[in-house]
Amino acid sequence: KYGSPDVLELRELPYPVPKPGRLLVRVRACTVTSADCRIRGLNVPRGFKQVMRLALGGQAPRQPVLGSEFAGDVIGVGAGVTRFALGDEVFGMSANLGAHAELLEIRETAAIAHKPARLSFAEAASLPFGATTMLDFYRRGRLAPGEQVLVNGASGAVGVAAIQLAVAEG
């Protein structure tokens, strides 16, 4: 249900079986983003609660398991999966949420990649939201190598990514 963190419950859910074109990932690390907090608490600007209830669910979120960023290992593959294999360490973002569960079924074509060996699961899980957000901003701004960027407050996921991506892109 919507509310403060006190409404969270630990529950057993049915064991997912990956459908064709999907992976089953054992989640080793995930994040709790500001978006997760806003969704769970229905903490949105004045006038948007009804719109959000239409989008997310009336009395409670339709998706009971929140969480979008994750890292883990592939423990199941559906028919037709070619990019990943059993045992692969992966990280990414789930557009349909669900990453706060122990097991996550996700499309092979979702925003998911092999986890770099040098990163821990926790480090990898913390990257997708800030990095994809900042990359989108840089692309919209059509930034080119040699241009300067001012990052004002690089302490969160987006700001940290802003610096690293700006340096990597020159």
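Helices (H or I, at least four residues) and strands (E, at least two) are DSSP runs, numbered from the N terminus. This is a predicted model, in which local features need pLDDT of at least 70, side-chain atom pairs count only at pLDDT 80 or more, and totals for chains, interfaces and linings use all residues. Residues are numbered from 1 along each chain as its sequence is written, and side-chain values use heavy atoms, with hydrogens and water left out.

**Figure 1. Overall arrangement of the protein chain.** Five helices and five strands make up the protein chain. Their order along the sequence is β-α-α-β-β-β-β-α-α-α. Taken along the principal axes, the C-alpha atoms fill a box of roughly 50 × 45 × 25 Å.

**Figure 2. Contact of helix 4 with helix 5.** Helix 4 (residues 128–140) and helix 5 (residues 157–168) have axes that come within 8 Å and cross at roughly 60 degrees; axes are lines fitted to C-alpha atoms, for helices over the stretch in contact, and angles run from 0 to 180 degrees between N-to-C directions. The two helices are therefore oblique to each other (angles under 35 degrees count as roughly parallel, over 145 as roughly antiparallel, 65 to 115 as roughly perpendicular and the rest as oblique). In this contact (heavy atoms within 4.5 Å), Phe129, Gly130, Ala131, Thr133, Met134, Leu135 and Tyr138 of helix 4 meet Ala157, Val158, Ala161, Ala162, Leu165 and Ala166 of helix 5. The contact residues comprise eleven nonpolar, two polar and no charged (Ala, Val, Leu, Ile, Met, Phe, Trp, Tyr, Cys and Pro count as nonpolar, Asp, Glu, Lys and Arg as charged, and the others, Gly among them, as polar).

**Figure 3. The largest pocket.** A pocket is, on a 1 Å grid over the protein atoms alone, an open set of points where a 1.4 Å probe fits, with protein on both sides within 12 Å along at least five of seven lines; lining residues have an atom within 4 Å of a point. The largest pocket holds about 1400 Å³ of space, a volume being the space filled by probe spheres set on the points, which are joined across faces, edges and corners. Of its 44 lining residues, Leu13, Pro64, Val65, His100 and Ala101 are the closest to its centre. Strand 4 gives the most to this lining, with five residues. The lining divides into 25 nonpolar, eight polar and eleven charged residues.

**Figure 4. The second largest pocket.** About 230 Å³ of space lies here. Among the lining residues are Leu135, Tyr138, Arg139, Leu165 and Ala166. Helix 4 provides the largest share of the lining, three residues.
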